[in-house]
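Student: I have a new model open and would like to be walked through it. Could we start with the terms and then look at some residues?

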Amino acid sequence: MSVPAEIDGFDAGPLGRLALSRSGVDRATQRRTDAEWVEAAWADPGTRVVVVHASQALGRTVDGQPGLVFVSAAEAPEGTRFFLGVDDDEVAYFGVSAAAGTEPWSWSSEPGAEPISLRVAGALLSDRDAGLLTHAVALANWHDTHTHCPKCGAVTVPAPAGHLTVCPVDGTEHFPRLDPAVIMLVTDPDDRCLLARNALWPKGRMSVLAGFVEPGESAEHAVVREVFEEAAIVVGQVRYLGSQPWPMPRSLMLGYQAVAAAGQSIAVDEEEIGEARWFTRAEMREAIDTGELGVAPSSSIARRLIEFWYGGELPDGSAGWAAAAR
Ligand SMILES: [Zn+2]
């Protein structure tokens with residue numbers, strides 16, 4: 001059964017469709033278990049392969065539109081292969097995680113091709129290419145770090161479509177891992193927005209708070225716990241807004257809004273947070289315009305949460321993340 005095109009037309013919720021939550025090909029999950037079909041698709045000269053190395057792939061800008069550079073299966077370097085999907089013209093897409101020791105970016109001589117990352121290019125790519133690169137980076141990062149059976153320690157073997165690995169000794173199957181993380185727009189009763197600077201970040205770079213969901217914990221509890229741990233602010237009214245994958249290396253970011261009770265003072269956990277403060281909309285805009293504040297890149301859910309509160313797009317500003325981001 002093929003997945004109807006409308007499946008990607010769903011209402012993505014208050015945040016709308018996020019940069020890395022887009023897609024343009026059918027994942028065709030029913031094909032993954034059909035080894036014969038997978039091999040035939042891989043052998044087809046029309047098949048397009050995106051090669052991932054260190055969470056990046058080759059991209060090229062044509063008529064102002066950045067896009068992925070694909071190679072054929074024959075041109076792809078050695079590495080773990082995985083099936084990404086099929087487009088409306090029945091063209092199959094695969095990813096390959098370039099094997100260690102491969103000369104980086106040597107698999108294409110396309111003029112103007114250069115390595116691109118999701119962080120920098122994710123918001124600029126088309127729906128199809130943003131979805132393919134996000135999917136490919138996620139699977140490449142999993143394969144690169146999950147090479148052995150957790151039960152017996154033997155080297156595992158990827159299944160033909162690359163969406164699971166199998167232990168040749170005990171037959172156990174192993175599936176890609178995801179780390180759920182919460183990221184939250186915290187507002188106060190005056191509708192100000194809380195931003196914080198990670199202790200490791202340069203001055204001026206700030207964002208909304210975020211943290212991993214712990215084992216045995218709900219996402220909503222993680223929101224309340226993280227805000228209290230990092231800023232000593234008690235929040236209630238936790239509302240889910242939307243999600244996007246952030247596969248560097250394997251996060252699924254769950255976006256929330258949480259409202260703080262009035263009359264609280266911020267006290268940061270100095271090991272983790274360098275500073276934190278409330279911003280009105282006017283204060284935030286002025287800080288960005290004067291170069292005192294840079295907010296997260298457009299590809300991030302952090303940026304979308306901040307702009308959701310602000311009520312429109314914000315400029316990157318000279319203290320932005322773009323220059324440092326990779
Ligand atoms: Zn095993």
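Tutor: Let us begin with how elements are named: helices (H or I, at least four residues) and strands (E, at least two) are DSSP runs, numbered from the N terminus. This is a predicted model, in which local features need pLDDT of at least 70 and side-chain atom pairs count only at pLDDT 80 or more, while totals for chains, interfaces and linings use all residues. Residues are numbered from 1 along each chain as its sequence is written, and side-chain values use heavy atoms, with hydrogens and water left out.

Student: How many helices and strands does the chain have?

Tutor: The chain has 6 helices and 15 strands. Its radius of gyration is 21 Å, close to the 20 Å that the globule rule gives for 326 residues, so the chain is as compact as a globular protein of that length. That radius is taken over C-alpha atoms, and the globule rule is 2.2 Å times the number of residues to the power 0.38.

Student: What share of the residues is buried?

Tutor: Buried residues make up 47% of the 326 residues, where buried means under 20% relative accessible area, exposed over 50%, and partly exposed in between (1.4 Å probe, protein chains only).

Student: And what about contacts between residues at least 6 apart in sequence, how many of them join residues at least 24 apart?

Tutor: Of those contacts, 66% join residues at least 24 apart, a contact being heavy atoms within 4.5 Å.

Student: Which peptide bond joins Met-248 and Pro-249?

Tutor: Met-248 and Pro-249 are joined by a cis peptide bond, with omega about 10°. Pro-249 itself lies in the loop between β13 (235-246) and β14 (251-260). For background, most residues other than glycine have a negative phi, and most peptide bonds are trans.

Student: What is the phi of Ser-55, then?

Tutor: Ser-55 has a positive phi of about 65°, although it is not a glycine. Ser-55 lies in the loop between β1 (48-52) and β2 (56-62), and it counts as buried because its relative accessibility is 17%.

Student: Where does Ala-232 lie, and what is its phi?

Tutor: Ala-232 lies in the loop between α4 (219-231) and β13, and its phi is a positive value near 60° in a residue other than glycine. With a relative accessible area of 25%, Ala-232 is partly exposed.

Student: Changing topic, how many disulfides are there?

Tutor: The count comes to 0 disulfides, taking a disulfide as a pair of cysteine sulfur atoms within 2.5 Å. Cys-152 is partly exposed, at a relative accessible area of 39%, whereas Cys-167 counts as buried, at 1% relative accessibility.
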